[in-house]
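Trainee: I would like to go through the terms used for this fold and ask what each one rests on.
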Amino acid sequence: MSDDIVFDKSFDLAPGTVDHVVPGVRRVLCDNPGPFTFSGTVSYIVGRGKVAIIDPGPNDDLHIAALMEAVRGETVTHILVTHTHRDHSPAAAKLKAATGAVVLAEGPHRASRPLHVGEAGRLDAGGDPSFRPDRTLADGDVLDGDGWALEAIATPGHTANHLAFALKGTEMLFSGDHVMAWSTSIVAPPDGAMSDYMASLHKLRRRPETTYLPGHGGAVRDAPSFVQGFIRHREGREASLRHRLDKGAADIPTLVRAVYIGLDPRLAGAAGLSVLAHLEDMVSRGIVVTDDGPPSIGGTYRLAVSGRAPLAGG
Ligand SMILES: [Zn+2]
């Protein structure tokens, strides 16, 4: 991928150990590494004595035990969930049972748009459909804890219900899977939507927080300019798709081969969905059209108006 984002993959936290990020913020890495999770899910503990846990993680008994050990002698008052993917929310149920904490999130898992025929299975694959928060959070809601306050920031795009959390009175923001230092986010319909994702990037770029603590990997430094890099990256991807479509109609596998060079084969399916996310956005903006109904993974796409001048004497 040729773009100017400098990813930071330095993150040598050992799973299950408690790492003190700054006073009042600890993190514990879950041992669930993979192509989509990097070294694993990072759960955060905010406060001292009466604490919040952000993103309890997957239903992994070792990780839940590590979190309980990390807060031994303290009270967990809140469990916050950035979004309802299986590597972030399922441990909320057992942690709530063990602590009595209230579980907060934007809402249950849902798609960003109505499903097409055959899409239901894919939505379930990464989602946590059984998750239900005790209380829902809307954009701008502030949770006041004991010595800490967190502001919920609606950041849909990776999922429809994605929230980031700003730690009030600090430069820090918990960014979930929306902005991470090690990789771009997956924006895969029907869970994700590119137009929402871009709007959420612009929203964060205008905010004052400079350090983001993401759901995977280490901290994002100089966050507003890093976010601007992601905006440019997606604009560049859209330009590449336009460039390929200017040569003629194409299906998604053709577009993936044209715009992803040196792709990890394990990520080919995700790349196809990312291209679909761009195409949905470009269709909604009137740049691209399909000949076969609403944008779908099996569809064929062409530019609404060719950017190329007609050939003389054609
Ligand atoms: Zn994740």
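This is a predicted model: local features need pLDDT of at least 70, side-chain atom pairs count only at pLDDT 80 or more; totals for chains, interfaces and linings use all residues.

Trainee: Why are strand 3 and strand 4 said to pair?

Mentor: Pairing requires at least two bridges between two strands. Strand 3 (residues 42-46) and strand 4 (residues 50-54) have 3 bridges, in the antiparallel sense, so they count as a pair. Within it, I45 stands opposite I53 of strand 4.

Trainee: What makes strand 1 and strand 7 edge strands?

Mentor: Strand 1 (18-22) and strand 7 (135-136) each pair on one side only. The open sheet has 7 strands in the order 1-2-3-4-5-6-7, and its pairing is mixed.

Trainee: Which strands does helix 1 lie across, and which does helix 2?

Mentor: Helix 1 (residues 61-70) lies across strand 1, strand 2 (25-29) and strand 3, at about 155° to strand 2. Helix 2 (residues 92-99) lies across strand 4, strand 5 (75-80) and strand 6 (102-105), at about 155° to strand 5.

Trainee: How do you know that helix 5 and helix 6 are in contact?

Mentor: Contact means heavy atoms within 4.5 Å. R237, S240, L241, R244 and L245 of helix 5 make the contact with T254, L255, A258 and V259 of helix 6. By class, these are 5 nonpolar, 2 polar and 2 charged residues.

Trainee: What describes the way helix 5 and helix 6 cross?

Mentor: Packed helices are described by the angle and the distance between their axes. The axes of helix 5 (residues 223-245) and helix 6 (residues 252-259) come within 10 Å and cross at roughly 120°. The crossing is right-handed.

Technical notes. Residues are numbered from 1 along each chain as its sequence is written. Side-chain values use heavy atoms; hydrogens and water are left out. Axes are lines fitted to C-alpha atoms, for helices over the stretch in contact, and angles run from 0 to 180 degrees between N-to-C directions. Helices (H or I, at least four residues) and strands (E, at least two) are DSSP runs, numbered from the N terminus. A crossing is left-handed if the near helix is turned anticlockwise from the far one by less than a right angle, and right-handed if clockwise. Ala, Val, Leu, Ile, Met, Phe, Trp, Tyr, Cys and Pro count as nonpolar, Asp, Glu, Lys and Arg as charged, and the others, Gly among them, as polar.
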